[in-house]
Amino acid sequence: LFDHNTATSILYALVESSRELGINREELDGTLFVYAEDYSPGLVLFDAVPGGAGHCQRIARRLPELLGHAHRRVDNCTCGRDSSCYSCIRSYANQRMHESLNRGRAADALAEVLGLDAGST
């Protein structure tokens, strides 16, 4: 179970890491879906291209790979673990959330999903 800020940090780790799959960052975005108070928010990725570009279908086929790229992005960044920067999960598109983005919590949650020890590379 993770909170809204952690979910947002994970979401942007995934979106920013989409470049590793050959996806133009400006062509993919995401949001959270909160369906119940006692559950972690759902992560929703979507094509940001009119009519869609099929990026989410490609991501679905390569989700474990994207999760790995996202984990490495947030786990290996040199900014403060309780913060974030433009090298890991900050972007112009999410500037209103910069203060709540936390790469350390995203790294820990992604490590758990991937079955890794927290803090591993």
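Mentor: Helices here are DSSP runs of H or I with at least four residues, strands are runs of E with at least two, and both are numbered from the N terminus. This is a predicted model, in which local features need pLDDT of at least 70, side-chain atom pairs count only at pLDDT 80 or more, and totals for chains, interfaces and linings use all residues. Residues are numbered from 1 along each chain as its sequence is written, and side-chain values use heavy atoms, with hydrogens and water left out.

Trainee: Which residue just after α4 takes a positive phi?

Mentor: The place to look is just after α4, where the phi is about 75 degrees. The residue with this positive phi is Gly115.

Trainee: How far apart are the end C-alpha atoms of helix α1?

Mentor: The expected span of a helix is 1.5 Å times one less than its number of residues. Helix α1 covers residues 4-17, and because its 14 residues should span 20 Å, the value agrees with the expectation: 20 Å.

Trainee: How many residues of α1 are buried?

Mentor: Buried means under 20% relative accessible area, exposed over 50%, and partly exposed in between, with a 1.4 Å probe and protein chains only. Of the 14 residues in α1, the number buried is 12.

Trainee: Which residue caps the N-terminal end of α4?

Mentor: A polar contact is a pair of N or O atoms within 3.5 Å; within protein, one must be able to donate a hydrogen and the other to accept it, and residues adjacent in sequence count only if both atoms are side-chain atoms. At α4, a side-chain oxygen lies 3.1 Å from the backbone nitrogen of Gly104, and the residue that supplies this oxygen is Asn102.
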